[in-house]
Each structure stands twice: as structure tokens, then as C-alpha cells.
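Biologist: Could you walk me through this one and tell me what stands behind each label?

Modeller: Gladly; here it is.

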Amino acid sequence: MKITFDIDCSPQEARAFLGLPDLEPLHALYLDKMKSFVTEGVGPADFERMARAWMPGISEGLETWRNALFNAGRPKSD
């Protein structure tokens, strides 16, 4: 036996029925932040924060490359 139910509800109603959290305020904050990035541009501090969040461990790799390049230009001391 097979029974099918069609439920007509909005996404908000479905989330409330299933007990899921309402993330619309968080989504609105995220969109506002992204809009400010587009209109004002991304600064170096913002880029560093995003890179650290998206790719953990990249800062150590970039620091290693920076040190290697910095030390390559120095005269060797004996």
C-alpha cells in the first residue's frame, strides 16, 4: 500500500512545522555585509579574515613564502 500526501506551505511554514531555526535575520545581515563589500570594496583586513575562514592553514603557508622571499634578498652572514 502506498499513501501520498501533498502539503502546500511556504518555506517559513515548513521550517516552523519541522522545528528548524529561522535564519532569515542572519541571512539579512549576511546580505548587507556582502552588499557593503560590493559597494565599498574589500579591504586587506577583510580579505585576510575571509582567507583564514575559507582556507585554514593558508596563513602559515603564506608566512613561510613571505619569509623565504624576504630572506632570499638578504646578504648571507657568515
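Biologist: How do you know that helix α2 has close to the expected reach?

Modeller: Helix α2 spans residues 24-40, 17 residues in total, and reaches 24 Å from its first C-alpha to its last. Helices here are DSSP runs of H or I with at least four residues, numbered from the N terminus. Just after α2, Gly-41 takes a positive phi of about 90 degrees.

Biologist: Before we go on, what sort of model is this?

Modeller: This is a predicted model, where local features need pLDDT of at least 70, side-chain atom pairs count only at pLDDT 80 or more, and totals for chains, interfaces and linings use all residues. Residues are numbered from 1 along each chain as its sequence is written, and side-chain values use heavy atoms, leaving out hydrogens and water.

Biologist: Why is Met-1 called exposed?

Modeller: Exposed means over 50% relative accessible area, buried under 20%, and partly exposed in between (1.4 Å probe, protein chains only). Met-1 has 99%, so Met-1 counts as exposed.

Biologist: What makes the contact of Glu-24 and Arg-15 a salt bridge?

Modeller: The term asks for a side-chain nitrogen of Lys or Arg within 4 Å of a carboxyl oxygen of Asp or Glu. The pair has 3.4 Å, N to O, and therefore qualifies. The structure holds one salt bridge. Glu-24 is partly exposed at 39%, and Arg-15 is partly exposed at 27%.

Note on methods
Helix = DSSP H or I, 4+ residues; strand = E, 2+ residues; numbered from the N terminus. Expected span 1.5 Å × (residues − 1).
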